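Here are some notes to read alongside the structure. They start with one residue and move on from there.

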Amino acid sequence: MNSNTCRYRHSLRHWQPLLASRALGRKPIARTLAGQRLVLFRTQSGQAAAVAETCPHRRLSLAVGRVRGEELVCRYHGWSFDAAGAIRCPLMAGHGLQHQAFAVREAQGLIWVREAANLPPLPSWSSDGLVLAGMAFHTVPAPLELTLDNFTEVEHTSSIHQVFGFTEPAAIQHRLELEPAATRVWNSGPQKAFPPLFNGFIDNRPGDTFANDWITTFAPLLTIYDQTWTSPNGRRRRFWLKVVMFFVPLDDQTTQLTTLVYSPKVLPGRLHRWLAAPIIKAVTAHELNLDVWALAQLADLNTELNPRTLGPLDRVLLENRRRLRPGYLEP
Ligand code: FES
Ligand SMILES: [Fe+2]
C-alpha cells in the first residue's frame, strides 16, 4: 500500500536529479523525494540504488543499514534488500515479500531517481560547446509552484540580485512564447554593474545589455536559461552563461534546485578549471542563495495566484501552472 499523500507524488513518474553522483559512497543516504522517504546506496559493484526507507519487518530506518555485496542489510535483524527490492530474510524462506525500490540512473554527474516502471529516457540538453563551471544544490523552504514562479520572472532581479539582472523593471523588454508543453520567455534590458572580480576574465562592461532567454518544460520540470550580453555598439560579448535548473519537489513545502552552470572557457588550460570555473560557480550559487532568501521570507505559502495582482512580467506564471498540473499535481 502506498501511503504517500504528498501533493507532488505524481512527479515520481519523471526522472528527478536528486544528488551529485560523487555524494553517494558506501554509506546509505536518506532523502525525501515527492513526499517519499527513500534510502540511496551504492552496491559493491558501484551500482547506485534506492529503496523505501522503512524496513518492512519492524520499521527500522534502512539509512543506518550497511552495504554488503549487492545488497543493503538492515541493522536490526539482518534482512537484506537488493537494488530491485528483492528481500532475503534469514528465518523466512519463501516469504513472498517485496520491498519498494526505485529506478536509479547516473548521468551528467547526477543521480536520477523515479518510480520503477515504464522507464522513459533521461532528460538531455545541449551544452552548446560550453564547459561545466559547476553544479549546485539548494533547498528552498517553499512549495514547488512558488519556487518556479520566482525563477520564471525577472521583475525581482532589480531588487533581490547583486550581479545578474536588470537595473530596473521598467526598462525590461519582454516576450512570451507558448507551446503546448513548454513556455519560452525572452527578456532584455540594461545590465547591473558587474563586480570587479568578474571584470578580470570576462568581457562584460557597464552599459551592456543583458538578455535572459529561457525555456521551461515539464517532464520533468526544468528551465534552461541562456544569458547573454551585448555591448553598447551591438556586439555580442564572448562570455555568456547557460544555466540548467531542475525544480525537484521534496515535500509539500520544500523544493530542491538542482542547477548546472556552463560558460565558455575564459582562461587558458587548467587556469579555467582551477580559477575561473570556481568563481563563476560561486557567484551563481550566491545569486541563487538570494533567491532562496527571498522565498524563505514568503509570509504565506498558499500556491494560489491572484490574477489581479499579477503584472505584465507575471503572465508566464499562470501558463506554467497549467502545464505543471498533469504529471505533477494530477496523474
Ligand atoms: S527491522 Fe529490519 S530486519 Fe527487522
Ligand atoms: Fe532570482
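1. Where does Tyr8 lie relative to strand E1? Tyr8 lies in the segment before that strand, which covers residues 16–20. Do keep in mind that this is a predicted model.

2. Is Tyr8 buried or exposed? It counts as buried, because its relative accessibility is 0% and the cut-off for buried is under 20%.

3. Arg237 is another matter: 229 residues along the chain from Tyr8, with 41 Å between the two C-alpha atoms.

4. On to the metal. Which residues coordinate the iron ion (ligand 2)? They are His156 and His161, each through NE2, and Asp291 through OD, at 1.9 to 2.1 Å. Along the sequence, these donor residues follow the spacing H-x4-H-x129-D. Both His156 and His161 are buried.

5. Next, the aromatic rings. The count of aromatic pairs comes to nine. One of them joins Trp112 and Trp125 in a tilted arrangement, 6.4 Å centre to centre and with 45 degrees between the planes. Trp112 belongs to strand E10 (residues 110–115), while Trp125 is in the loop between E10 and strand E11 (131–140), so the pair links distant parts of the chain, 13 residues apart. Trp112 and Trp125 are both buried.

6. Phe166 and Phe210 form another tilted pair, at 5.1 Å between centres and 40 degrees between planes. Why does this pair tie together separate parts of the sequence? Because Phe166 lies in the loop between helix H2 (157–160) and strand E12 (173–179), whereas Phe210 is in strand E14 (residues 209–218), and those parts are 44 residues apart. Phe166 is buried, with a relative accessible area of 0%, and Phe210 counts as buried at 2%. Both rings belong to a cluster, linked by ring pairs, that also includes Phe164, Trp229 and Phe239.

7. Finally, have a look at two arginines over rings. The charged end of Arg114 sits over the ring of Trp15, 6.0 Å from the ring centre. Arg236 lies over the face of Trp240, at 5.3 Å from the centre of that ring.

Key: Residues numbered from 1 in each chain as written. Chains lettered and ligands numbered in written order. Predicted model: local features only at pLDDT ≥ 70, side-chain atom pairs only at ≥ 80, totals over all residues. Heavy atoms only, no water. Helix = DSSP H or I, 4+ residues; strand = E, 2+ residues; numbered from the N terminus. Buried < 20%, exposed > 50% of the residue type's maximum accessible area, 1.4 Å probe, protein only. Donors = N, O, S within 2.8 Å, 3.2 Å for Na, K, Ca; no water. Phe/Tyr/Trp six-rings, centres within 6.5 Å; stacked < 30°, edge-to-face > 60°. Lys NZ or Arg CZ within 6 Å of the ring centre and 35° of its normal.
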